[in-house]
Every structure is written in structure tokens, then in C-alpha cells.
Amino acid sequence: MTQPDAKEDLVRYLQVVREAVVWKLDGLSEYDLRRPMTPTGTNLLGLVKHLASVEAGYFGDTFDRPFPEPPAWSEDDSSSDMWVTADETAEFIIGYYRRVWEHADETIATLSLDDIGHVPWWPAERNEVTLHRILVHVIAETNRHAGHMDIVREMIDGVAGLREEVTNLWVPDGGWEAYRDRLEQIARNA
């Protein structure tokens, strides 16, 4: 058995979830991509824009390697990375996210897991971090938002699963509607 490469493992997990995030957008209209689906306004394309800002900051500014393009969000509106303007197309946001990935991947390739950075927006007493810690943090953040995207996408058109070729979902006997009805009845009887 070969020795595992921790950095390679972390990069692989990050890339798998990045691809799942982008897949969640496939086949939807511009309206459905930006439509607020929760009381807090959560929407698919806004989550991608947010994840781009996360990677640009953590793999850029944290390690003195700022992302070279202007941010796709406004410094004057702290929520502007969670929604997409009418002028920002899905193609633009996805392209921006992919360019941020490339920049992040260059940072990851250049540094060792033990290299030190400083997260400018964290309190001084805990803003010194390693690349390892930031990789774990960004993987967790991306997976968290990918989970949001799973639910939002399912609410829009019923599409569910990790990615098209790997749904990672079983189909219950009688189908999803019967399964949901059964759970509703259990909840009412509780």
C-alpha cells in the first residue's frame, strides 16, 4: 500500500464538492438559479458567488496572494456575495468561481500544509493559520453550502443527489411521494 498524501487527499475532496456545486446549476433558467427559495433568501447562484468569495479570501488574502480580479461583490454591502445582480449571468458567476479555483489551486500547489497565513477578518488571537487548517475550513464551508444547494435544487425541480452519475440516493418502495406522505403521517402522530 502506498503512503497517503494528505494534501492530495484534501485537494481531491475540495474538487469533488466544487464540481457538485456547479452541477447543482445544470439545466436551470436564470430565474431559477437566482430565485430566493428560503425565508433568508438562499438561492443557488448566490451560494456559488459566496463560495467564490470564500476561496478568493482564504486562498488569496490569507496567504498574501490576492485574487487578481476585482471582487464580484460590493464591499459596501456585506450580503452582496449571497445574491446575484440582474447583470451577472450564470455564465459569468460560474466562470468567476472557476477562475478563483485556479488561483486557489496555485496557492495550494505553491505552499506546504504547514505554511502560515493570516486571516485578516478573524480576531488577532486566532488569525494565524496553516494551509492545512484553511483547506479543512474551506472544504467544510463548501460542503455546508453544497448541502444547502441540494435542498434548494430539490425544491425547484426535484433533482437530488451528489452528481448526475452518482445520485447517492435510494428510491423508496412506492416512490418519493408515498415515502414523504408516510413521514408526514408519522410527524402528525407524534
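Colleague: Let's start with the rings: how many aromatic pairs does the count come to?

Modeller: Keep in mind that this is a predicted model. Two rings pair if their centres lie within 6.5 Å. By this rule the count of aromatic pairs comes to 6.

Colleague: Take tyrosine 58 and tryptophan 122: what kind of pair do their rings make?

Modeller: The ring centres of tyrosine 58 and tryptophan 122 are 5.9 Å apart, and the planes meet at 65 degrees. Planes over 60 degrees apart count as edge-to-face. So the pair of tyrosine 58 and tryptophan 122 is edge-to-face.

Colleague: And how many residues apart in sequence are the parts that this pair ties together?

Modeller: Tyrosine 58 sits in helix 3, while tryptophan 122 sits in the loop between strand 1 (116–118) and strand 2 (128–130). Tyrosine 58 counts as buried at 7% relative accessibility, and tryptophan 122 does too at 11%. The parts tied together by this pair are therefore 64 residues apart in sequence.

Colleague: What about phenylalanine 67 and tyrosine 96: which cluster do they belong to?

Modeller: Phenylalanine 67 and tyrosine 96 make an edge-to-face pair, 5.5 Å centre to centre with 80 degrees between the planes. Phenylalanine 67 is in the loop between helix 3 and helix 4, tyrosine 96 is in helix 4, and the two are 29 residues apart. Both are buried. They belong to one aromatic cluster formed by Phe67, Trp73, Phe92 and Tyr96.

Colleague: Which residue lies over the face of tryptophan 122?

Modeller: For a charge to sit over a ring, NZ of Lys or CZ of Arg has to be within 6 Å of the ring centre. Tryptophan 83 has lysine 49 over its face, at 5.7 Å from the ring centre. Over the face of tryptophan 122, at 5.0 Å from the ring centre, lies arginine 126.

Colleague: On to the inside: how many residues does the largest nonpolar core have?

Modeller: In soluble globular proteins, nonpolar side chains tend to be buried together. Here, the residues with the most contacts inside the largest core include Leu14, Phe59 and Leu135. Helix 1 (6–23), helix 3 (44–58), helix 4 (90–110) and helix 5 (131–157) each supply at least two of the core's residues. In total, this largest nonpolar core has 46 residues.

Colleague: Is valine 138 buried or exposed?

Modeller: Valine 138 is in helix 5. Leaving out residues up to four places away in sequence, valine 138 touches Leu14, Val54, Glu55, Tyr58 and Phe59. Its relative accessible area is 0%, so valine 138 is buried.

Colleague: How far apart are the end C-alpha atoms of helix 5?

Modeller: Helix 5 has 27 residues, and at 1.5 Å a residue it should span 39 Å. The model agrees with that, because the end C-alpha atoms of helix 5 are 38 Å apart.

Colleague: How many residues of helix 3 are buried?

Modeller: Helix 3 reaches 21 Å from its first C-alpha to its last, close to the 21 Å expected. At its start, a side-chain oxygen of asparagine 43 reaches to within 2.7 Å of the backbone nitrogen of glycine 46. Helix 3 is largely enclosed by the rest of the structure, because its buried residues number 15 of the 15.

Colleague: And helix 1: what covers its buried residues?

Modeller: Aspartate 5 caps the N-terminal end of helix 1, with a side-chain oxygen 3.0 Å from the backbone nitrogen of lysine 7. Among the buried residues of helix 1 are Leu10, Leu14 and Val17. What covers the buried residues of helix 1 includes helix 3, helix 4 and helix 5.

Colleague: Last one: which residue's backbone oxygen does the side chain of threonine 62 reach?

Modeller: Threonine 62 is in the loop between helix 3 and helix 4, and at 2% relative accessibility it counts as buried. Its contacts, not counting residues up to four places away in sequence, include Gly117, His118 and Ile134. At 3.4 Å, the side chain of threonine 62 reaches the backbone oxygen of tyrosine 58.

Technical notes
Residues are numbered from 1 along each chain as its sequence is written. This is a predicted model: local features need pLDDT of at least 70, side-chain atom pairs count only at pLDDT 80 or more; totals for chains, interfaces and linings use all residues. Side-chain values use heavy atoms; hydrogens and water are left out. A nonpolar core is a set of buried Ala, Val, Leu, Ile, Met, Phe, Trp, Tyr and Cys residues joined through side-chain atoms within 4.5 Å. Buried means under 20% relative accessible area, exposed over 50%, partly exposed in between (1.4 Å probe, protein chains only). Helices (H or I, at least four residues) and strands (E, at least two) are DSSP runs, numbered from the N terminus. Contact means heavy atoms within 4.5 Å. The expected span of a helix is 1.5 Å times one less than its number of residues. Rings of Phe, Tyr and Trp (its six-membered ring) pair if their centres lie within 6.5 Å; planes under 30 degrees apart count as stacked, over 60 as edge-to-face and the rest as tilted. A charge sits over a ring if NZ of Lys or CZ of Arg is within 6 Å of the ring centre and within 35 degrees of the ring normal. A polar contact is a pair of N or O atoms within 3.5 Å; within protein, one must be able to donate a hydrogen and the other to accept it, and residues adjacent in sequence count only if both atoms are side-chain atoms.
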